[in-house]
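Here is a short note on the salt bridges. Please read the points with the model open.

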Amino acid sequence: MPTLQLLPFLPTDSTSLQLPKQRNNIRNNSPVELQKSLPSQNLSFDLLALDSVSTVHALKSCTGSRNLELGTCIHAAILKSGLHTNVFVNNSLLGMYVKCGCMEEAIKLFDDMPVRTVASWTLMISGYSHNGLADEGVSTFVQMLEENEYPNEFTLSAVLQALAKDCNSRLISAVHSYIVKSGFLEDSFLQNSLIGAYAKSGVLADAVKFLERFSSRDVVSWTSVVSGFVLHGFMRQALMVYFRMQEDGITPNEVTILSILHACSFIGGLQILQWIHGLVLKLGWCSHELVLNSVTQMYLTNGFFREGTQLFSKFCFEGEGQFVSPETMATLLQGCGHSNLFGKQLHGYLIKHGFSSCVVENSLIDMYAENEQSDSAFQVFAKMNKRDIISWNSLITCFVKNGEFHEALMLLKDIHSNCKETVRPDFITMLEAIQACSNLSSFMPGQVIHGYITKAGLICDIFIQNALIGMYGRSGRLDLAEKIFEEMPAKDLGSWNSLIAAYGINGNGRAALQAFAELNQTSPHKPNSITFTNILSACSHEGLVEEGYELFNRMREYGVEPSMEHFVCMVDLLGRSGKLEEAEAFIKNMPVTPSNDVWFALLGACGYQGNISIAERVANKLSIQDPEGKVWRISLSNIYACRGQWEDAAKVRAQLKQVEGMKKERGWSGVEVEGEMFRFMVNDTRHPESKSIYDTVSGMMKHVRDNDTNHL
């Protein structure tokens, strides 16, 4: 037999040829220990009946059921009976350990075998390959050749699989040469293994060449090439190979269909998705769960939610079988953010069929969060048997998204108090917690979270740093926001945007302009749409009309087209500065139709300046664009009331009551005292010290009135 020169291709360090240490999967019960622990008097009858044939059958049964514990007990009995010298028994035992993933015991057994056959070597090579140790499988093959043990077609197939997982095309070519010299090339099984190895390792041209050369190509040969093209991202080429397969008269199998579905999903486009869907129906694969899951996923991941839900409804709601996998169900739920009714139907289906996957329940929380149903999201969370950090993050994000910031922070507290050992907050948890503190302008909890982030080693994350700048800016601590910004080793555009926004919120427009200038002069980043929104808002808060106008007119120089947010900022800038006529003219000259927010900005400015005539004109516009609007009617009523026009204010309030379903949520304010947030409404007496609070407020108001009288 010819020898195979593999050594020049192998790594030079000796460690790569050593057999690795594997984790112990035998629950501390090695065969030798079990053998010592088995009393001989209880085994006498069994050992007398034990022979090689029955032992091999028993081990095959253990292998099929992956029953490692029973297989280990049989190993102990084999040692007692003396059958450990039988090569067939040893090979069956070796196969059992390999298939059960217990490579450490397989290595020990292989090393102690008095006689090894080609089957023994093949089992070890295959075992290494299937258990993620492809390099060790190749090393075992080299050792086999060095001991003058000649491989058969199954050995060569096993080593090709190992080399394919390593993507080692040079060694695959070497094994290919050996196969040719050894006369194995006519074996159809080995031909498919060779084509598959070339395809998986990315040598697709050779895979196609050998596919065309071999006369006995079958569905496995074609599928290997199709899968290889898909694996390496050549989706259109995969389809072309599939069409040639059809021309060759080969009927695809399930693996072929799944590969083509993946390729079509990646290419996208409704026409090609419907083509492959039709092909699945035509070939009769519509009852196969994996295929149906893939078709559904294909539609959903490409944004064709209606088609995906129709397919799901046809085979699940209308049928008896439940084919949907947790991953597909999670994707379905993610698409229900705009369809609360269908989302609830899916939830009912999950309850009926007993879906309790953590992935699915997390998606349910996200779905209810998108539909602004925090209570339903919390109910799902509360009933979960097992929660991971994604579950906690989903609910915290739900609360933050729906304005329930206190509840979000309470959940963070629950993670620390109840889940210290099982769940640890990650950077997403911290980002949402910072966002909650930022919206509450809550300084002390924000500082505590900042300390935890530093201790947990998350402070180096640039998104965390940007969020902290925003949080300290909203809390009025510009000094800390500036400190974080200055200490950042690397700054992205989000860092500059956060700092400019912090200056704007605190009315420091000049500092915001300086930061904007530094961004242009020292940073590689160019201002984007958010940058201009922040800087225009900063100019608005400090009344920097000329600077704001100049920036607005220069936006296109930076490749930024003004959006509705920028128009709102400009109207607010002019309105806050008392230039209401200019603001109104600005709106009339807008190149796009003004949104409600633009008119709201002008109406709010009319309230600051007490200009009723412009406010009435704005209200007439909004009565057409937003006939059932509440916000603008309330603002107009307040403007009338401030000017003492009580009859007009009453008329607007009467209109407000006539609007169908009009229920105004009571406004509330909040104050933070020693890190604890207190919320209150007008005439609120729920606080236990409300009497003292009102006495203190009355005293303060009396003091203000007395000071005003003295100044007069």
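1. Start with glutamate 547 and arginine 510. Their side chains form a salt bridge, with the closest N and O atoms 3.1 Å apart. Glutamate 547 sits in helix α32 (residues 545-553) and arginine 510 in helix α30 (residues 509-522), so the bridge ties together parts 37 residues apart in sequence. Glutamate 547 is partly exposed, at 23% relative accessible area. Arginine 510 is partly exposed too, at 47%. Bear in mind that this is a predicted model.

2. Next, aspartate 248 and arginine 217. These side chains meet in a salt bridge at 3.0 Å, N to O. The pair links distant parts of the chain, 31 residues apart. Aspartate 248 is in the loop between α14 (235-247) and α15 (254-267), and arginine 217 is in the loop between α12 (204-213) and α13 (219-231). Aspartate 248 has 32% relative accessibility and counts as partly exposed. Arginine 217 is partly exposed as well, with a relative accessible area of 25%.

3. Aspartate 572 and arginine 576 form a salt bridge, 2.8 Å from N to O. Both lie in helix α33 (residues 564-576), four residues apart, or about one turn of the helix.

4. Is aspartate 572 buried or partly exposed? Its relative accessibility is 17%. Buried means under 20%, so aspartate 572 counts as buried.

5. For the overall tally, the count comes to 13 salt bridges. The pairs above are among them.

Terms used. Residues numbered from 1 in each chain as written. Predicted model: local features only at pLDDT ≥ 70, side-chain atom pairs only at ≥ 80, totals over all residues. Heavy atoms only, no water. Salt bridge = Lys/Arg side-chain N within 4 Å of Asp/Glu carboxyl O. Helix = DSSP H or I, 4+ residues; strand = E, 2+ residues; numbered from the N terminus. Buried < 20%, exposed > 50% of the residue type's maximum accessible area, 1.4 Å probe, protein only.
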